[in-house]
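Biologist: I'd like to go through this one slowly, asking how you back up each label. Could you bring it up?

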Amino acid sequence: ASYIVVEHNESTPYDRLVSLANKSSNREYWYKRKINDGTIDRFLLGNIEGWSTVPIYVDGLLYNVQIRRDDPAKEITKWYPGKFPVLFNSGILKFTESIVITEGLTDCVLLNQEGIASVSHDGGSNYWNNTWVSKFIRQREIYYIADNDDAGVLAATKVAKNLGEYRVK
């Protein structure tokens with residue numbers, strides 16, 4: 001795979017990459033996943049060099065970009081490898097007492113499009129950071145949606161033990 005090298009400095013972190021990806025008119029990847037134009041624009045979903053992009057912001061600053069494609073084979077990776085996984089869409093936690101945690105970022109985007117408050121992370125199905133418990137202080141009900149496989153069951157167990165089995169469904 002080829003990657004575009006984007007110059008950046010610490011005061012303007014990587015926003016140019018998101019801008020480049022959003023200039024693409026190729027939205028077919030997102031349409032196939034039932035994600036509409038309004039949601040594509042709101043989450044700044046894009047496409048660059050055949051990769052569909054999901055920018056991941058932390059406290060209003062771009063932290064990383066998940067890149068994904070189906071052809072020639074399904075691949076999901078990060079534009080900037082080596083960065084620690086973070087919660088995606090975590091800003092919504094301040095406004096809700098009920099939340100859904102999804103295994104994948106696109107599932108999270110789709111649920112939010114449908115009016116269901118949702119977060120995810122970019123660490124893969126088996127990852128969970130126990131320090132995230134403090135981010136879920138307001139949530140009385142937490143629903144975890146994972147793929148129906150061994151990794152999904154393991155992840156659901158980790159999340160429930162960390163956030164409280166009494167409130168994670």
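This is a predicted model: local features need pLDDT of at least 70, side-chain atom pairs count only at pLDDT 80 or more; totals for chains, interfaces and linings use all residues.

Biologist: What makes the pair a tie between parts of the chain?

Modeller: Arg-27 sits in the loop between helix H1 (15–22) and helix H2 (28–32), while Asp-37 belongs to helix H3 (residues 37–42), so parts 10 residues apart in sequence are tied together.

Biologist: Why is Asp-37 called partly exposed?

Modeller: Its relative accessible area is 37%. Buried needs under 20% and exposed needs over 50%, so a value in between gets the label partly exposed.

Biologist: Why is Arg-140 called exposed?

Modeller: Arg-140 has 61% relative accessibility, and the cut-off for exposed is over 50%. So Arg-140 counts as exposed.

Biologist: And what makes Arg-140 and Glu-97 a salt bridge?

Modeller: Their side chains meet at 3.5 Å, N to O, and the limit is within 4 Å, so the pair qualifies. Arg-140 lies in the loop between S7 and S8 and Glu-97 in the loop between S5 and S6, so this pair ties together parts 43 residues apart in sequence.

Biologist: Now the sheet: how many strands form it, and in what order?

Modeller: It is an open sheet of 4 strands, ordered S5-S7-S6-S8, with mixed pairing.

Biologist: Why do strands S5 and S8 stand at the edges?

Modeller: Strand S5 (87–88) and strand S8 (141–145) each have a single partner strand, so one side of each is left without a neighbour in the sheet.

Note on methods: Residues are numbered from 1 along each chain as its sequence is written. Side-chain values use heavy atoms; hydrogens and water are left out. Two strands pair if DSSP finds at least two bridges between them. Helices (H or I, at least four residues) and strands (E, at least two) are DSSP runs, numbered from the N terminus. Buried means under 20% relative accessible area, exposed over 50%, partly exposed in between (1.4 Å probe, protein chains only).
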